Amino acid sequence: MKFPGARLLARIVLALVAVAAVAVTLAGCSLVEDASKSDTAKAAVGDCINVIESSAVDSKTEPVDCSSDNAVYKVAQSYDKKTECAADYTSYEEMLGGGTTAFLCLAPNFKEGNCYNESRVSGYKHVDCGSSEATFRVLKRIDGKADELLCGEDATGFHLIEEDPKATFCTGKPKA
């Protein structure tokens with residue numbers, strides 16, 4: 001014996017199962033996409049990044065504690081598509097299947113007294129001050145202001161971060 005609504009009820013149950021399956025599949029895709037990102041690409045605003053090796057087309061990086069000497073960059077902005085960063089920021093892009101999966105705008109996070117190598121091609125890298133790679137030393141770090149006039153006469157250069165949070169890095173020769 002058949003009841004008049006049994007078929008309709010069966011269709012509704014099947015439709016609900018199909019919707020649940022699609023929802024699980026979409027959530028699974030998000031998890032798979034997130035799992036394919038590097039630890040650097042998963043970094044949040046305020047996290048810091050160390051550049052281990054870099055070139056114009058590829059970089060080896062890792063997230064590090066911001067108090068570390070190797071925390072050369074701090075994540076200022078994070079996006080899931082390519083965008084324009086402020087002029088004083090460096091960008092990090094991670095791609096998968098021809099599309100951008102992570103795009104980070106990175107602000108310098110130089111430490112007072114430390115030395116760095118500056119390359120127009122690959123950005124900044126923390127180096128030993130006695131190394132031939134050292135191109136500058138941070139003589140003074142001033143947080144909250146972007147003003148080269150605060151550097152004083154010992155400084156031979158400066159790096160300004162004009163976006164929030166503002167910072168001035170007064171620089172000099174690597175070897176004292």
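Trainee: What makes Cys48 count as buried?

Mentor: Buried means under 20% relative accessible area, exposed means over 50%, and partly exposed is in between, with a 1.4 Å probe and protein chains only. Cys48 has a relative accessible area of 1%, so Cys48 is buried. Please keep in mind that this is a predicted model, where local features need pLDDT of at least 70 and side-chain atom pairs count only at pLDDT 80 or more, while totals for chains, interfaces and linings use all residues. Residues are numbered from 1 along each chain as its sequence is written, and side-chain values use heavy atoms, with hydrogens and water left out.

Trainee: Why is Cys66 called partly exposed?

Mentor: Cys66 has a relative accessible area of 24%, so the in-between class applies.

Trainee: Why is the disulfide of Cys85 and Cys105 called left-handed?

Mentor: The torsion about its S-S bond is about -80 degrees, so the link of Cys85 and Cys105 is left-handed. Cys85 lies in the loop between S3 and strand S4 (90–96) and Cys105 in strand S5, so the pair ties together parts 20 residues apart in sequence. Strands are DSSP runs of E with at least two residues, numbered from the N terminus. Cys85 is buried at 15% relative accessibility, and Cys105 is buried at 0%.

Trainee: Why is the pair of Tyr73 and Tyr124 called tilted?

Mentor: Rings of Phe, Tyr and Trp (its six-membered ring) pair if their centres lie within 6.5 Å; planes under 30 degrees apart count as stacked, over 60 as edge-to-face and the rest as tilted. Tyr73 and Tyr124 are 6.2 Å centre to centre with 45 degrees between the planes, so they pair and are tilted.

Trainee: What makes the pair of Phe110 and Phe136 edge-to-face?

Mentor: Their planes are 75 degrees apart, with 5.4 Å centre to centre, so this pair is edge-to-face.

Trainee: What makes S7 and S9 stand at the edges of their sheet?

Mentor: Two strands pair if DSSP finds at least two bridges between them. The open sheet of 5 strands has the order S7-S6-S8-S10-S9, with antiparallel pairing. S7 (123–127) and S9 (157–161) each have a single partner strand, so one side of each is left without a neighbour in the sheet.

Key: Helix = DSSP H or I, 4+ residues; strand = E, 2+ residues; numbered from the N terminus. Disulfide = S-S within 2.5 Å.
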